[in-house]
Amino acid sequence: MADTDTAPFWRTKSLEEMDSSEWESLCDGCGRCCLVKLQDEDTEAIAYTDIGCKLLDEFGCRCRDYPNRQAQIEDCVRLTPETVRAIDWLPPSCAYRLVEEGRDLYWWHHLVSGDRDTVHAAGVSVRGKVAALEDELPLEDFVDHMVRWPLRLPRGAMQRPAAQRRKG
Ligand code: SF4
Ligand code: SF4
């Protein structure tokens, strides 16, 4: 039986019940949601590209102006419990999506591992995978950068490596 007094907040609280500090800490810092996405005009299907938003720090995988992101980037989506439920393009690894779906966080999430680098070590973050930022390429080239990996979990992301298991 789960002990709700000691279980971590993401297992016991819904997205709505989290306070602002819990909510912010839930982001794994992968940067996947900050990749440019293209929408098919006919089918409305969303495709990821390996092009980063112009505010994305490609190494740190974080927004370079998080407090002012909506003022700077018109189509930056502010995640809320409602938007997490409404948008269908959040990566399967996204912690908000996992919690909303009643699932646990993976071993590489910093709230589990205690280390903000494990999201990079597991190959989940966009570090080393961003081909360019959106202001570095002409718009007509974006279509050549469509990729599927942001909607997949990389090999090794599912199972905690032996060294991590030993740490408990
Ligand atoms: S995909 Fe989810 S967990 Fe990853 S950076 Fe975006 S909001 Fe955070
Ligand atoms: S403005 Fe910041 S948070 Fe929004 S998509 Fe761009 S990099 Fe990501």
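Reader: Where does Lys13 sit in this structure?

Author: In this predicted model, Lys13 lies in the loop that links α1 (9-12) and α2 (20-26).

Reader: Why is Lys13 called partly exposed?

Author: Lys13 has 16 other C-beta atoms within 10 Å, and since a buried residue needs 20 or more while an exposed one has 12 or fewer, Lys13 falls in between and is therefore called partly exposed.

Reader: How far apart are Lys13 and Val99 in sequence and in space?

Author: They are separated by 86 residues along the sequence, and their C-alpha atoms are 8.8 Å apart in space.

Reader: Which residues are closest to ligand 1, and how do its surroundings divide by class?

Author: Ligand 1 is surrounded by 13 residues, of which Cys27, Asp28, Cys30, Cys33 and Cys94 are the closest; by class, this shell holds nine nonpolar, two polar and two charged residues.

Reader: What makes the shell around ligand 2 count as having seven nonpolar residues and one charged residue?

Author: The residues around ligand 2 are Cys34, Cys53, Leu55, Leu56, Cys63, Arg69, Ile73 and Cys76. Because Cys, Leu and Ile count as nonpolar and Arg as charged, the shell has seven nonpolar residues, one charged residue and no polar ones.

Methods
Residues are numbered from 1 along each chain as its sequence is written. Chains are lettered from A and ligands numbered from 1 in the order in which they are written. This is a predicted model: local features need pLDDT of at least 70, side-chain atom pairs count only at pLDDT 80 or more; totals for chains, interfaces and linings use all residues. A residue is near a molecule or strand if its C-beta atom, placed from the backbone, lies within 6 Å of it. Helices (H or I, at least four residues) and strands (E, at least two) are DSSP runs, numbered from the N terminus.
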